[in-house]
Amino acid sequence: MGDVSHAPDEVRRARYAVAAVFAVHGAVTGSFATRVPWVQEHASLSAGQLGFALAFTAFGASCAMPLAGRISHTFGSRTALRGLLALWTLSLVLPALAPNMYTLCLAMFVYGASAGMADVAMNALGVEVERLLGKSIMSGLHGMWSAGALVGSAAGTLAAHLGSDGRLHFALAAAVLTALGLAACSGVLDVQAAEDEEPPPRFTLPPRSALLIGAVGFCAVFAEGASLDWSAVFLRDRLDSSAGVAAACTTGFMLTMAVARIAGDAVVNRFGAVRTVRAGGVLAGLGGLLVVLAGHPAVAMTGFALMGLGIAVVVPLCFAAAGHAGPNPSQAIAGVATITYTSGLIAPSLIGGVAQATSLMVSFCVVTVLACGLAAFAGVLRTAERGGAEISPAVAEVPGPRP
């Protein structure tokens with residue numbers, strides 16, 4: 001991107017604007033997640049058919065994310081984000097219009113592709129704002145995504161409780177979120193490519209740095225996906241918990257992650273990314289151990305809460321490290337995002353497969369080992385030693401604009 005100076009007030013406004021973009025992106029996900037049962041019933045799908053169709057979300061995202069860098073290079077970051085975010089919010093209506101599995105697969109492919117491209121574009125802008133501020137903000141931005149997802153899911157829960165038609169619900173949500181997204185995009189940085197800058201390739205393999213960083217993100221997202229989809233089942237089947245207690249465990253895990261992400265930037269600015277992820281890996285590993293050894297629901301719930309606390313900031317820091325690790329932030333972020341999306345796709349099914357062959361306790365032994373891997377491999381986020389710009393206390397002291 002071209003080297004353009006930005007006034008402190010402009011950077012401050014851009015920080016809040018990109019935070020609003022993250023919240024809008026999350027609200028789309030939350031809105032859809034609450035109405036999956038309606039989509040399944042509307043398309044007359046079995047559980048297996050629904051799972052097959054939902055897999056096209058990650059498939060579409062993985063195919064399309066490498067395109068985001070090319071789009072941002074061609075149109076500039078603000079115009080690109082405006083178009084990609086609008087495509088994502090409007091794609092919310094597609095699953096509700098699908099009358100069968102084949103059309104739902106196509107709808108979910110487009111839904112996932114637009115989600116992935118908008119994801120890469122907004123994370124690249126978040127990394128640019130973080131660079132200009134000289135302090136960590138990525139954890140808070142992802143916290144805003146979680147907050148938006150909670151708001152979207154709350155609205156979707158209300159719509160489901162009222163028995164509203166999913167097509168009407170998604171149409172209204174898409175209209176509101178598109179308007180909010182376009183308004184938010186007006187305040188983000190407009191980063192333009194330099195005239196002599198070569199456009200990134202349309203499709204390319206992730207750089208080696210992204211593979212190493214993505215491996216750390218893989219561990220965190222695997223633990224997150226396993227906990228979100230299987231924590232309630234674990235409490236119900238292994239500990240004979242009531243449906244209400246089991247559901248509360250999942251909700252508590254989500255809230256823990258949201259709060260930890262919003263508060264995580266202060267920790268990262270104080271201790272640096274590497275030490276924060278190492279400490280998070282220790283917490284997540286301890287949480288996994290409590291889950292495996294739990295003989296009472298309260299112990300397991302504490303374990304899941306510790307896992308949420310430990311892994312909450314890892315993915316935001318992986319995106320930040322990828323964006324600082326090379327000359328093309330969008331390409332590196334797309335590589336990390338592809339790996340993490342893949343992890344989120346395979347985690348629930350792999351946990352189920354291991355549980356069927358052995359037990360859920362063994363499944364969460366696998367999760368615990370991967371969580372401990374965060375502590376072991378956190379050093380790959382030390383981008384400063386490779387000429388990058390790891391956010392650390394030293395960086396935070398560099399004179400520059402402040403929020």
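Modeller: Ser-44 lies in the loop between helix H2 (36-43) and H3; helices are DSSP runs of H or I of at least four residues, strands are runs of E of at least two, and both are numbered from the N terminus. The model is predicted, so local features need pLDDT of at least 70 and side-chain atom pairs count only at pLDDT 80 or more, while totals for chains, interfaces and linings use all residues. Residues are numbered from 1 along each chain as its sequence is written, and side-chain values use heavy atoms, with hydrogens and water left out.

The phi of Ser-44 is near 55°, a positive value in a residue other than glycine. Most residues other than glycine have a negative phi. Ser-44 counts as exposed because its relative accessible area is 61%; buried is under 20%, exposed over 50% and partly exposed in between, with a 1.4 Å probe and protein chains only. Asp-240 also has a positive phi, about 55°, although it is not a glycine. Asp-240 sits in the loop between H10 and H11, and its relative accessibility of 67% makes it exposed.

Past the loop that holds Ser-44 comes helix H3 (residues 47-64), and Thr-57 is part of it. Thr-57 has a relative accessible area of 18% and is therefore buried. Leaving out residues up to four places away in sequence, Thr-57 touches Met-108, Tyr-111 and Gly-112, a contact being heavy atoms within 4.5 Å.

Helix H7 spans residues 101-133 and includes both Glu-128 and Arg-131, which are three residues apart, about one turn of the helix. These two form a salt bridge, with the closest N and O atoms 2.7 Å apart; the term requires a side-chain nitrogen of Lys or Arg within 4 Å of a carboxyl oxygen of Asp or Glu. Side chains of opposite charge can pair when their charged atoms come close. Glu-128 is buried because its relative accessibility is 19%, whereas Arg-131, at 44%, is partly exposed.

Arg-131 also belongs to the contact between H7 and H14, where Asp-119, Asn-123, Val-127, Glu-130 and Arg-131 of H7 meet Phe-319, Ala-320, Gly-323 and His-324 of H14. By class, this contact has three nonpolar, three polar and three charged residues (Ala, Val, Leu, Ile, Met, Phe, Trp, Tyr, Cys and Pro are nonpolar, Asp, Glu, Lys and Arg charged, and the others, Gly among them, polar). The axes of H7 and helix H14 (residues 314-324) come within 9 Å and cross at roughly 75°; axes are lines fitted to C-alpha atoms, for helices over the stretch in contact, with angles from 0 to 180 degrees between N-to-C directions. H7 and H14 are therefore roughly perpendicular to each other, the class for 65 to 115 degrees, with under 35 roughly parallel, over 145 roughly antiparallel and the rest oblique.

The structure holds five salt bridges. Another one of them joins Arg-261 to Glu-224, the closest N and O atoms being 3.9 Å apart. This pair links distant parts of the chain, with Arg-261 in helix H11 (residues 243-271) and Glu-224 in helix H10 (residues 208-239), 37 residues apart. Arg-261 is buried because its relative accessibility is 6%, and Glu-224 is buried with a relative accessible area of 18%. The side chains of Arg-236 and Asp-237 also meet in a salt bridge, at 2.8 Å from N to O. Arg-236 is partly exposed at 46% relative accessibility, and Asp-237 is partly exposed at 45%.

Ser-343 and Glu-224 are 119 residues apart in sequence and 9.6 Å apart in space, C-alpha to C-alpha. Ser-343 lies in helix H15 (residues 329-357) and is buried, because its relative accessibility is 0%. Not counting residues up to four places away in sequence, Ser-343 touches Phe-218, Val-221 and Phe-222. The side chain of Ser-343 reaches the backbone nitrogen of Phe-222 at 3.1 Å.

Asp-190 is in the loop between helix H9 (166-185) and H10. Asp-190 is partly exposed, with a relative accessible area of 30%, and, leaving aside neighbours within four places in sequence, is in contact with Gly-76, Ser-77 and Arg-78. Asp-190 and Thr-79 are 111 residues apart in sequence and 7.7 Å apart in space, C-alpha to C-alpha.

For the whole protein, there are 17 helices and zero strands. Of its 403 residues, 51% count as buried. Among contacts with a separation of 6 or more, residues 24 or more positions apart account for 85%.

Terms used. Polar contact = N/O pair within 3.5 Å; in protein donor to acceptor, adjacent residues only side chain to side chain.
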